[in-house]
Amino acid sequence: MLKHSRTSTMTSLNSVFLSLLVVLLLFSSNVLSDKTNEKFYQCVCQNSDYCVPFSTAFVTPTNASFTTILQSTAQNLRLLVPSVPKPQLIFTPMVESHVQAAVICSKQLGLQLRVRSGGHDYEGLSYISEMESPFIILDLSKLRGIEVNIEDNFVWAQAGATVGEVYYRISEKSKTHGFPAGLCTSLGIGGHITGGAYGTMMRKYGLGADNVVDARIVDANGRILDRQSMGEDLFWAIRGGGGASFGIILSWKLRLVPVPSIVTVFTVPKTLEQNGTTIIYKWQQVSDKIDEDLFIRVIMNVVDKKDKKGEKTIQMAYNSLFLGRSDRLLEIMNENFPELGLTQKDCTEMSWIKSILYIAGYPSNTPPEVLLQGKSLFKNYFKAKSDFVKEPIPEDGLEGLWKRLLEEDSPLMIWNPYGGMMAKISESETPFPHRKGVIYMVQYLTLWNDPDKELATKHFDWIRRLYNYMTPYASMFPRQAYVNYRDLDLGMNKNGSSSFIQASVWGNKYFKDNFNRLVKVKTKVDPENYFLHEQSIPTLPISRNGKGKSMNQ
């Protein structure tokens with residue numbers, strides 16, 4: 001009995017000891033974080049033009065507003081669950097010199113920097129980190145100035161501005177100028193352009209990145225560089241080479257493009273029961289070859305059958321912008337794609353800025369001023385993947401695709417047409433290589449609305465199976481992917497470092513042969529690999545003579 005009593009006492013003491021140890025470790029960790037945060041703040045004040053009170057621009061996990069600010073622009077709710085690592089500090093720079101200081105000070109203190117402009121990174125790499133060292137978020141939301149110069153045909157936009165704000169400010173000055181970037185209006189312009197930036201005018205004018213004429217960035221040494229001082233290699237790399245590998249974008253100088261005073265939009269839904277398979281097969285034949293003023297994407301989801309309760313079908317919505325009036329649009333459609341059955345009744349003529357709201361999914365009659373709010377219409381738990389298709393998928397392949405979509409609760413696929421200007425620009429003109437020969441790009445999504453881990457696993461499994469099914473129909477050698485639809489299934493840097501061999505796996509999918517040039521630029525401008533994240537461009541290993549090794553080694 002005495003022995004049992006001693007054992008019980010020892011167990012209780014061990015439990016108390018372990019509890020105290022956990023409390024002490026947490027306490028010491030918080031004390032260290034607080035000290036580091038204080039040192040970071042002092043360092044920022046010493047290294048910038050403008051020292052603001054800590055509470056004005058710095059937020060720690062103990063602040064009541066921490067969660068609100070962390071979640072403010074984050075799009076993917078699965079990356080905000082409690083188990084995902086959180087930053088020890090969020091710093092919102094007020095001026096450009098704050099960004100310079102953030103680089104200098106985070107290097108001095110051994111802190112990782114995650115840079116967020118719009119929060120749209122599909123894997124949340126602008127606001128989370130699975131790397132070992134503590135990290136802070138540099139939130140660029142206060143750097144959102146926009147200067148439009150119609151006379152000289154350009155706009156300067158700071159990285160924290162959304163594409164919707166940029167569109168609005170252009171339309172304020174002119175009804176016949178626009179910019180060819182994203183369809184989602186809450187995208188941060190800073191990160192958006194770094195991946196390429198496609199939109200409804202890509203077939204006419206190319207990508208956003210194809211229309212950049214200058215930029216201002218903070219490099220790994222905390223210097224502000226423009227196109228002239230950074231040199232053409234680095235200027236090439238930042239226009240499509242992916243975000244946060246080469247520096248921090250402060251602002252872009254964008255070339256404006258002409259748009260008609262009146263454009264036409266339409267959305268025509270077709271289900272499988274309405275000859276959907278035949279129509280989408282024909283779309284694959286014509287979507288990249290049709291008039292380059294016309295962009296027709298297809299949005300696919302699962303809907304209820306109208307006439308059979310409890311049964312599901314696939315709906316394909318043909319969602320379009322035409323840079324012209326409806327009469328010419330109908331001529332083009334009747335000649336090239338009569339299978340869709342487009343009528344005058346389906347078409348709506350409007351200004352270019354109104355078409356931005358239409359394509360983004362805003363209700364009709366929404367005033368364009370809503371774009372100044374920079375708010376997202378899309379916040380979900382989701383996982384996404386991408387593909388590029390170079391040969392039409394045969395009808396039996398499509399039937400297998402429909403079968404798999406019908407197995408999932410809330411799947412979404414978006415097919416975006418290529419051709420036009422996209423086929424005329426060389427693969428090596430920018431790091432974005434998906435050009436001639438691509439008929440369309442596929443975006444796969446699975447959406448859910450619950451933080452349950454098992455539920456997430458189920459949806460991950462489904463989208464991976466779908467991706468495997470699509471293998472024979474997608475581009476090959478490599479199977480290409482879009483870096484702005486970031487996908488960590490393709491591989492990732494681990495243990496706080498990057499490897500050229502490892503990174504080549506996803507690097508070749510995102511950038512094809514441009515990956516090698518990106519690595520050379522990275523090795524030159526950031527040899528210490530300061531700008532590091534789960535899918536950042538790696539540096540070449542340093543040889544004994546202090547130079548980067550050849551890629552053939």
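## Basis of the model

In this predicted model, local features need pLDDT of at least 70 and side-chain atom pairs count only at pLDDT 80 or more, while totals for chains, interfaces and linings use all residues. Residues are numbered from 1 along each chain as its sequence is written, and side-chain values use heavy atoms, with hydrogens and water left out.

## Helix α4

Buried residues (under 20% relative accessible area, 1.4 Å probe, protein chains only) in α4 are Ser-97, His-98, Val-99, Ala-101, Ala-102, Val-103, Cys-105 and Ser-106. Gly-110, with a positive phi near 70°, follows the helix.

In α13 (residues 395-405), Gly-397, Leu-398, Gly-400, Leu-401, Trp-402 and Leu-405 are buried. Their cover includes the helices α10 (276-286) and α15 (453-469), together with β13 (294-304), β14 (312-322) and β17 (411-417) (strands being DSSP runs of E with at least two residues).

Thr-277, Thr-278, Ile-280, Tyr-281 and Gln-284 of α10 meet Glu-395, Leu-398, Glu-399 and Trp-402 of α13, where contact means heavy atoms within 4.5 Å. The axes of α10 and α13 (lines fitted to C-alpha atoms over the stretch in contact, with angles from 0 to 180 degrees between N-to-C directions) come within 10 Å and cross at roughly 120°. The two helices, α10 and α13, are therefore oblique to each other (angles under 35 degrees count as roughly parallel, over 145 as roughly antiparallel, 65 to 115 as roughly perpendicular and the rest as oblique).

Key
Buried < 20%, exposed > 50% of the residue type's maximum accessible area, 1.4 Å probe, protein only. Helix = DSSP H or I, 4+ residues; strand = E, 2+ residues; numbered from the N terminus.
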